[in-house]
Amino acid sequence: MSIYDNIKGIEEEIIKCMKCGNCQAVCPVYKETLSESGVARGKIQLAAKILKGEARYSPELYKKFDLCLQCQACSANCPCGVKAHKIIMAARAELARQKMLPFAKKAAFNLLKKPFLFDFGLRLGSVCQGLAFRKNATGMSPRFPIGLEMRRVVPALADKPLRSLLPEVNKAPRARKKVAFFTGCVTNYIYTSVGKAVVEVLNQNGVDVIIPKEQHCCGAPAIINGDIETGKAMAKSHLDIFSKYNVDAIITVCGTCGGTFEQKYVELLADDPVYSAKAKATARKIRDISEYLVDDLKINFAKMGRVPISFTYHEPCHIGRGMGLSRQPLELLTQIPGITYKPMKQPNRCCGSAGSFSLTNYEVSFEILKKKLADIQSTNADVVVTGCGSCRMQLEDGIAQEKMPHKVMHVIEVVQMAYQKAKETC
């Protein structure tokens, strides 16, 4: 039984909880709220009440489950192996079935289900963003309240989406492999330089890159917030799209997107007679870009030029704990000639973004971010490198507000820089 379709599917996980409270030590939300309902142990007990029919939807109960980053720190550190983040998602799904999601979230997820309208809206937003946002030296801030904190600094939408800038098939001069590239929303509509870097680096290593034009949002925001029917529809759409291509791998540049394809689609469609097999076959092909370069291609670092910068690395929760990829990004970065790694004390501590969490819980989100910024500051590194667009937005917001000098880059942009430096010295 899928945990998303019936909360009874998560009963065994709930029973495993020994109420020891170890999750308090690692929960970023609890450290800010000091509330039992803010930590996994408290939420698990509330989920047990929902399972028994002793608690039903209320705005207060919904808010308690909304106060979770899905960073998975509780699950990773639980001595009993309780997958607390899955219990919380199952409870969110049950509450959404009992009472429709808040209007703003439901409207947003309905838009995600209509890729043409979603794309049109963001293209229009790119043209008109100056009306709602004012430019500053570090990004853009709201001119008036539009659902964002007035002090918030956000990146501008790109003039053109990545999938409009690049052809569907990007051939390498001497191809030896072929991959499909799932761009994700943030790379497609904001950080297009990340997508260009993926194609350039893979082409340079003899890999043809297909960017399916029909792709759209992976559906993670809907799934994580409990809109399971929307999540299933988006999962089926992507499985149909990517199943058409005979490729060696499907590349992602975001742990949330990668984890959604690799894990959530499989869980969502476990009982589907048609799509269960498709989901499993697709999951086996998912590779984060750092994982693919290090483990699959085993790239030759001698072909890179010197990159004389110092960097610190922020490990996104859904890449490290979610996809289990802590080694590959650092192995990739630290072998670049000339580069210096200055580690944080807690590189894998959540930055507080968690996608929509930072929209609905900005004050808590920013307090969590401050801990990350202090850790970054202590390294004296030039650049903060990460592997997630959502984390990058959060870090850039905090760095701008705290007037820190650091630049934020994606892992693949640093790799691209190393190849470009090699060309300059030829």
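Contact here means that heavy atoms lie within 4.5 Å, and the model to which this is applied is a predicted one.

Q: What do the buried residues of H7 pack against?
A: The buried residues of H7, which spans residues 103–112, are Lys105, Phe109 and Leu112. They cover an arc of only 50° around the axis, and they are therefore on the same side of H7. These buried residues pack against helix H4 (59–66), helix H8 (115–132), helix H12 (220–224), helix H13 (228–243) and helix H19 (357–360).

Q: Which exposed residues are carried by the face of H7 turned away from its buried side?
A: That face carries Phe103 and Ala104.

Q: Why is Ile241 called buried?
A: A residue counts as buried when its relative accessible area is under 20%, and Ile241 has a relative accessibility of 5%, so the label buried applies to Ile241. Ile241 is placed in helix H13, and, with residues up to four places away in sequence not counted, Ile241 touches Pro212, Glu214, Gln215 and His216.

Q: Why is Leu124 called partly exposed?
A: Partly exposed is the class between buried, under 20%, and exposed, over 50%; the relative accessible area of Leu124 is 44%, and therefore Leu124 is partly exposed. Leu124 has its place in helix H8.

Q: Why is Asn380 called exposed, whereas Lys19 is called partly exposed?
A: The label exposed needs over 50% relative accessible area. Asn380 has 58% and is therefore exposed, whereas Lys19 has 48% and so counts as partly exposed. Asn380 is found in the loop between helix H20 (362–379) and strand E10 (383–386), while Lys19 is in the loop between helix H1 (11–16) and helix H2 (28–33). Phi is near 60°, a positive value in a residue other than glycine, for Lys19 and likewise for Asn380.

Q: How do you know that domain 2 and domain 3 are in contact?
A: In domain 2 (113–294) and domain 3 (299–425), 35 residues of domain 2 are in contact with 35 residues of domain 3. The centres of these two domains, taken over C-alpha atoms, are separated by 19 Å.

Terms used. Residues are numbered from 1 along each chain as its sequence is written. This is a predicted model: local features need pLDDT of at least 70, side-chain atom pairs count only at pLDDT 80 or more; totals for chains, interfaces and linings use all residues. Side-chain values use heavy atoms; hydrogens and water are left out. Buried means under 20% relative accessible area, exposed over 50%, partly exposed in between (1.4 Å probe, protein chains only). Helices (H or I, at least four residues) and strands (E, at least two) are DSSP runs, numbered from the N terminus. The arc is that of the directions from the helix axis to the C-beta atoms. Domain bounds come from an automatic or database domain assignment.
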